[in-house]
Amino acid sequence: MALRTRITELLGIEHPIVQGGMMWVGRAELAAAVSNAGGLGILTALTQPTPDDLRREIARCRTLTDKPFGVNLTILPSVSPPPYAEYRQAIIDMGVTIVETAGHRPQEHVEHFKAHGLTVIHKCTAVRHALSAERMGVDAISIDGFECAGHPGEDDIPGLILIPAAADKVTVPMLASGGFGDGRGLVAALALGAEGINMGTRFCATVEAPIHDAVKQLIVANDERATNLIFRRFHNTGRVARTSVSDKVVAISSQPEAVFEDIRPLVSGAKGRIALETGDLDAGLVWAGQVQGLIHDVPTCRELIERIVGEAEAIIAARLSGFRAAA
């Protein structure tokens, strides 16, 4: 059984499985491995220090795969923002055909990408944001439930509600994101109205993920309770793995007079990168979702994708077909 959906047709991929665009993790070796296994790999633009570095990373990815892959461009409010327009142009100049946008006020970028013929997937955490993105002209939505790593928004709506609520109103193809890591999740996502899944944390615990094995083993050892929600009081909620660093962030933030400057030294992206690359879990934050509770090994991307698709096909063909309505 081939799981063909509007997502597989739109993106030109074999399986309806997309790798999340993760800071410091979305590099060529991971994106290529996911694409070679029949999913859609995603490079993360801002992982590269300059737009020219992104051009080189796109070129490197092409030496590793001849399959479709995309690039994530996340737009975040900042006093000193990176040169988003230059990163955007690098993506276009390099002939990338699929882009994932996320974050703050993406309309300028969506319009520019669409004007150059790119397929645009927009990641969002609320139905109202998905409808806004659809009006902008995006080709697909990735709807991110409360279980996810990263920023789940401020509404706290889990996927079991958010996915069908979005499916009721969104007309473009939709990926379900947040809490997915096995064939059961893929079948559930399809049943809820999505046409594929987006996985971040699960792809961190793979052989090809360019992060230290100590981080991968942390994800394997953690259960579904082993996350912390940070930045809640600053209305920029983030979900990270529970570590000594994130415990400190939560403790400091709980103080009545706490301000963001009190936690800034603990949460910098540069320190998170050190943790990922050196395996020093006390160095910085590790972003991971509740799906940790479903992750028990570190397979190759091909082994993982084949397992997920095989499980999904077996569930659909065997277990679900065994249920019959009473006459």
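Trainee: What must I know about the model before going on?

Mentor: This is a predicted model: local features need pLDDT of at least 70, side-chain atom pairs count only at pLDDT 80 or more, and totals for chains, interfaces and linings use all residues. Residues are numbered from 1 along each chain as its sequence is written, and side-chain values use heavy atoms, with hydrogens and water left out.

Trainee: Are C61 and C148 buried or exposed?

Mentor: Buried means under 20% relative accessible area, exposed over 50%, and partly exposed in between (1.4 Å probe, protein chains only). C61 has 0% relative accessibility, so it counts as buried. C148 is buried too, at 3%.

Trainee: How do I read a positive phi?

Mentor: Most residues other than glycine have a negative phi. R105 is not a glycine, yet its phi is positive, about 45 degrees. D156 is not a glycine either, and its phi is about 60 degrees.

Trainee: Where are R105 and D156 found?

Mentor: Helices (H or I, at least four residues) and strands (E, at least two) are DSSP runs, numbered from the N terminus. R105 is in the loop between β4 (98-103) and α5 (107-115). D156 is in the loop between β6 (140-144) and α7 (159-167). R105 is exposed, at 70% relative accessible area. D156 has 30%, so it counts as partly exposed.

Trainee: Which residues make the nonpolar surface patch of about 290 Å²?

Mentor: Patches are made of residues with over 30% relative accessible area and no salt bridge; like charges are joined within 9 Å, nonpolar side chains (Val, Leu, Ile, Met, Phe, Trp, Tyr) within 5 Å. A salt bridge puts a side-chain nitrogen of Lys or Arg within 4 Å of a carboxyl oxygen of Asp or Glu. Accessible areas come from the Shrake-Rupley method with a 1.4 Å probe; for residues, only the protein chains shown count as cover. Here the patch is made by I157, L160 and I161. I161 lies in helix α7 and is exposed at 51%.

Trainee: What does the side chain of Q19 lie 2.8 Å from?

Mentor: A polar contact is a pair of N or O atoms within 3.5 Å; within protein, one must be able to donate a hydrogen and the other to accept it, and residues adjacent in sequence count only if both atoms are side-chain atoms. A polar atom of the Q19 side chain lies 2.8 Å from the backbone oxygen of I42. Q19 sits in strand β1 (residues 17-19) and is buried, at 0%.

Trainee: Which residue joins T227 through a side-chain polar contact?

Mentor: R239, at 2.9 Å. T227 lies in strand β9 (residues 227-230), and its 9% relative accessibility makes it buried.

Trainee: Which residues is G183 in contact with, beyond four places in sequence?

Mentor: Contact means heavy atoms within 4.5 Å. For G183 these are I308, E311, A312 and I315. G183 is in helix α8 (residues 183-192) and is buried, at 0%. G183 and V309 are 126 residues apart in sequence, but 6.0 Å apart in space, C-alpha to C-alpha.
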